Structure formats: structure tokens, C-alpha cells
Amino acid sequence: MAAPLSLHHIRPHFFSDYPLLHKPTAITATTTTAATKTNQAQQHPCLTLLDNCSSMSELKQIHAQLLRNGLFFDAFTASKIVAFSALEDFGNLTYSRLVLSQIPNPNGFTCNSVIRGYTNKGLYREAISFYHEMIVQGWIPDRFTFPSLFKSCKDLGEGKQLHCQSTKLGFASDSYIQNTLMNMYSNCGCLVSSRKVFDKMSDKSVVSWATMIDAYAQWDQSTEALKLFDKMGRENVDPNEVTLLNVLTACGMARDLETAKRVHRYIEDYGFGSHLKLSTALMDVYCKCGCVSLARELFDKMPEKNLFCWNIMINGHVEESNYDEAFLLFRRMQLEGEKGDKVTMVSLLLACSNLGALELGKWLHAYIEKQKIEVDVALGTTLVDMYAKCGSIDIASDVFRTLPEKDLMTWTALISGFAMCGEGKKALEHFHEMQMSGVKPDAIIFVGVLAACSHAGLVDEALSHFNSMSEVYGIQPSIEHYGCMVDVLGRAGRIAEAEELIQKMQMKPDRFVLGGLLGACRIHGNLEAAERAAKQLLELSPYDEGTYVLLSNLYSSMGKWEEAKKIRKLMAERNIKKPPGCSLIEVDGTVHEFVKGDSSHQQTANIYEMLDDMISRLKKAGYVPQKSEVSFDMNEEDKETALSLHSEKLAIAFGLISTNPGTTIRVVKNLRVCSDCHTATKLISKVYNREIIVRDRNRFHQFKDGSCSCKDFW
């Protein structure tokens, strides 16, 4: 608790009433003599040298000269020495305090300089302590004392005491003091007191409005900030640049596009358009509100751009999944002589993660090392995540080991990566290692742990970790954790236990929980449980295409063609369409995209020639197309053709003709890999002697020598 601050022996503020520090001496000179000496001191050449002083060494020489000349004890001269040593970047506050101790009558400017010096250097506790010391000795603060003290105050109780003292001394109506007082209350987390100060101000300046708006924005009360901005307009107060920046910060938090556009119009109407900070803030708001095109329009019109502008725009394109444009902008940024930093790299590596663009990710990693960009926790975590999501879990693990600093998110990225790659035991080993290192798990990492158990079929381990959440760590399982457990039990064929767990949940199951159960029923052919799950799903999400597709495929796999047709008919009546499959493959640093039956690629003829060769050789190896995966209103030949044109098969065919023999082929698909493509890809890996890594919506599949890392358990 902060020590109480009190004013001792407050008297009218006369110069002669200042107490003497350390060794009191009587002042016998007359006012006229003192004024004459002050005038002589102000005209002395040493003060000219003092104005041009650039180091403590020079300052000490000037100080020595003033002592020899007898001018140091002039109040003006002494205050200049203290101020220089306290406030300049090259200054030394210890020296400043030593000089102060030699001054018999330090004035307010001198003491305030020391307080400001402590505040400017972030020595907040020292500033408050010095103030307390001077108050005890009888010094009376003035209106210039409190702004620095309020900036230094981080304790609410102490701040209230200072507020009281400033009021007792008659500074309650000083707008500058009130503005810093509002800021102090905000920094201490007391917005109610901050707003009370604001509301009581008789003369609110634009700085006052900006301060209060900023206080709300900093504490995520964007709605209140925007209300205050509206009130500012009603009271005909014109905002300045700082106010507009604070308002735009609030707009970004609230995703308030309309207010941002209004601010944009004001900026253009009142000549703020050339302000780089405002333009950058506007771009940021537009990107956060999903209007990347508006941000890009503003970006392209900017006469000058700094690194913040480039980073905001690149990240905006990544957030809207326009990865090509993000990389083109980065290339343009390099051509214009601007080097990327760790923020740039995080955005671009995220793009590589989503694209599965391993080679591009490796190039960015090399760029980071070449440009000597600091790999902090955020960038290191993103690197681990990128390699893991590109299927290179071994490299992800190597990068993880070399990171100088790791946090919970770094561990989560690695453990989730092992989970996606089906290496459940390694995921659990690293989870144990994390706990031994003293890092406490949170709810998010338990999702990764349970997913690892699910993909590896580790049922007992999953149950143990699920129970430990509440029993050991005090974490109440959320819907995501229950979804993982339903998936674990369902995939292991323990459908009844999965249904029982759903019934015991403290919250209603969502479509992910029920969808996991339905998927498990399809794998194990449990029609009754599937129909129960589907009924609940359709009540919950009547237009979710996944439910219809899974149930239809289940009926088809069990030979119930009429029921399957009814589901397809219901989809048609409700205009529900399955999202088109899309597969990405990176070759020589370029990402190529394929959809089902795609014929837009420049090498379409060669791709389809390889596709025919693939199907022919697969059939010789025993491949039988699983026609239950396609619609029923087709003849048998059309069904085979439809299956052969799935996007991942086209991507693999392109990979075979575009890479050297033995090269690993990596494909990213937006949907779950169908059974037919899964079977076909296993055979392709054996027939063509290729390792093929496919990342679908749920996990990685590493196909090699005719088998898959998922062990047909996906």
C-alpha cells in the first residue's frame, strides 16, 4: 500500500519561506542585490555554454566554473544546472540531486525539474518519493508539479491523495492538471473517477475530449468512446489529430465501419488527409471491419508509406485469404526499399500455413535469418505453426528446440501440430515435458491434447486428460473439449458411451459435437445412432450441408439407396449444396489451385493425360472406385469419371508431372478427404513410389508405400 502523502505546514507561497535543505543558511542580501546578481548571472558567458551543453562532462566543467565565479548560488543559475542534469537525455539524476542539495533556496522550477526527470525516465516510484521528501521539508508545490506526479502515479489510493492535494492548493480548475488527472485515473483502471473529473470540467479543451475518449478506448469500452465522440460533435468541438486517432482506435475495437467512414470524410474535408498516422489508422480500421478494398484504395493513394502501412495492408490481405496479393505487396515493398520486420513475417508465415506452402515458408525463414530479424515468442510460435501445418513436423520440432523463449502458445502450436500429423504419442510426450518445465496448461492446449488422442486412437489417455482438466487444473470442459471426447469415443466404436457423454454435458451439444458422433456412426455403420444424431443436427442447423452428405453416404454405404435418394432430394428442395472441393499444391514456390473437374490450368492437357495413366495403373493394382461417394442420377461410367475428377486427384496428377521422381507431393484440401480418394492415394504412393502428404479439413494424411499414417482412422 502506498505511503500516505500529506502537506505539512502549508503557508502562503513567499520566496523567502522556502525551507533550507541539509545545511540551512540565512539569506541576508536585499531584494535589490539579489536582483542585480541574478541579472549578472543571466548575462554570464557560462550560461551560453550551458545552453549548448551536450554531455555530463561539459556540464560538470560549466558547474565548476560557476562555483569559482560565485554565480552558482544564484537561484536561476542553479536551477539551470539541475534542470539540465535532470531532463536532458545525457543527464544524470543522481548528479542532479547532489547539485540540488547544495542549493540553499531551491525554487519550484528546480524541484519540478527533478520530478519531471524521474517521470521522463520511467522512475515513477522515485518521483513520488522525492515529492514526499520535499513536502516533509515544507516545500509547496505549484501547478507545474502535479502533471508529472499524475503521470508517475500507478496506485489508485496514492493518486486520490495527490488529487486531494492539488484541489486544496487551488488547482481544481486547471485544465492541464485535470487532463493529466483523467489520464492517471484511467491508467489506474478507474474510468468512473476519470469521467467524473471530465464531467466537472467547466472548460473542456479538445485535449480533454481526446484524453477521455482514449481512456475508454484503452480499456476496451469502445461504445462509450464513440458516444463521447458524438457528444463532442453536438457541442461543436472540433477534434484534432489525436482525438481522431483515438476515435479510430475505438472504431477498430467496435468494428464500427460507419463511424470510421464519418471520420474519414472529416479528415478529407478539414485537411487532415496528408497525416500519415491518420491514414494508417484508417487503413487498420477498414481491414478490421473486413473492407480491405477500401484500405487498399487509401494505401495506394498515400504519397508516403512507412513500415506500419505495409504491415497493415499485407495482414489485411492475409486476413481476407487473398494470399497472392499479400505476397505481391511484399515483393513491391522490397522493390521500394522497405525491409520487412517480425510483424511482416508473422502475417506472411500465416499465409503459408493456410496455403500449405512449405517452400515459400522456408524462403521466409531464410529471409528472417539473412535480415537478422529478431525471432521473439510471437514469430517463433508462428514458424513452428507454419512448419507443422505444412506437414513438416520434424522441422517444426527442430525450430521449437532452438527458440530462446517459449510460451504456452508455442507449446500449443507444436502439440497441435503433432496431433494433426497423427503422432499422438509424441504430442502427449511434449505435453508432459511442458508440464515438467513449469508451464501451466490452459483450456486451449487441452483441445490439442484431446485431438491428438483422437487422431491416434488413444482412448484411455484421452479420458485421463479430460478428467484431469477439472480435477487437477480447475478448468471446466467447454463444448470444444466435449466435442473432442465424443470424437475419441466415436472413432473407437464406443458409440453408446459417446451418446451417454453428450447426455451428461452441462450445455446443449452443438453441430460439431453431433457432427463428430454422426461421422463416427458412418465409420462404424451404426445406422440407428446416426439417425438420432442427424435428427438433432437438422433441428439445430437445418441448412448444414455436412449433415445431409454424411447421412446420405451412410445410407449408400449400407445399400439403402431409397433413403439416400430421399436425403439428396431434400437437399435439392432446400437448395442446399455441398461446397466445392478445392485442393492446393505448391510447385517451385507457386501455389496452384484445383477444383473438381478443373480445366482452367495451363497444363490441363498434360494433367488429364497423367490422370488417365493414374487410373489405369491403379486399376491394375486392384483399385475399385467407391461409387457410393457420388450422386445416384448417373450411370456407372459417369460415376467413375466423377470420382476421377476430384480436386485432390487433379492436384496429385499435376504434382507427378511437375516434380522430379521421388519428390514428396504436398496437397491441401478444404474438405475432408473422401474414402475413394483416400484409397486411391494410398495406391498412388505405392505405384509411383512417392510420399504424398495431404492436409484435409481435419488432419494430415501421410501416404507412403501403399499405407496412410492415419491407419484408415479419420
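**Figure 1. Burial and overall dimensions of the protein chain.** Of the 714 residues of the protein chain, 50% count as buried (under 20% relative accessible area, with exposed meaning over 50% and partly exposed in between; 1.4 Å probe, protein chains only). The model is predicted: local features need pLDDT of at least 70 and side-chain atom pairs count only at pLDDT 80 or more, whereas totals for chains, interfaces and linings use all residues. Residues are numbered from 1 along each chain as its sequence is written, and side-chain values use heavy atoms, with hydrogens and water left out. The protein chain contains 37 helices and six strands (DSSP runs numbered from the N terminus; helices are H or I of at least four residues, strands E of at least two). Its C-alpha atoms fill a box of roughly 115 × 55 × 55 Å along the principal axes.

**Figure 2. Salt bridge between Asp230 and Arg262**. In the protein chain, 27 salt bridges are counted (a side-chain nitrogen of Lys or Arg within 4 Å of a carboxyl oxygen of Asp or Glu). In this view, the side chains of Asp230 and Arg262 meet at 2.7 Å, N to O. Asp230 belongs to helix α13 (residues 222–234) and Arg262 to helix α15 (residues 257–269), so the pair ties together parts that are 32 residues apart in sequence. Asp230 is partly exposed, at 31% relative accessibility, and Arg262 is also partly exposed, at 35%.

**Figure 3. Salt bridge between Arg332 and Asp300**. The closest N and O atoms of Arg332 and Asp300 are 3.5 Å apart. Because Arg332 lies in helix α19 (residues 323–335) and Asp300 in helix α17 (residues 292–301), this pair ties together parts that are 32 residues apart in sequence. Arg332 has 27% relative accessibility and counts as partly exposed; Asp300, at 40%, is likewise partly exposed.

**Figure 4. Salt bridge between Arg511 and Asp544**. Here the closest N and O atoms are 3.9 Å apart. Arg511 lies in helix α30 (residues 511–524), and Asp544 in the loop between α31 (527–540) and α32 (545–557), so the pair ties together parts that are 33 residues apart in sequence. Arg511 is partly exposed at 36% relative accessibility, whereas Asp544 is buried at 16%.

**Figure 5. Salt-bridge network including Arg332 and Asp300**.
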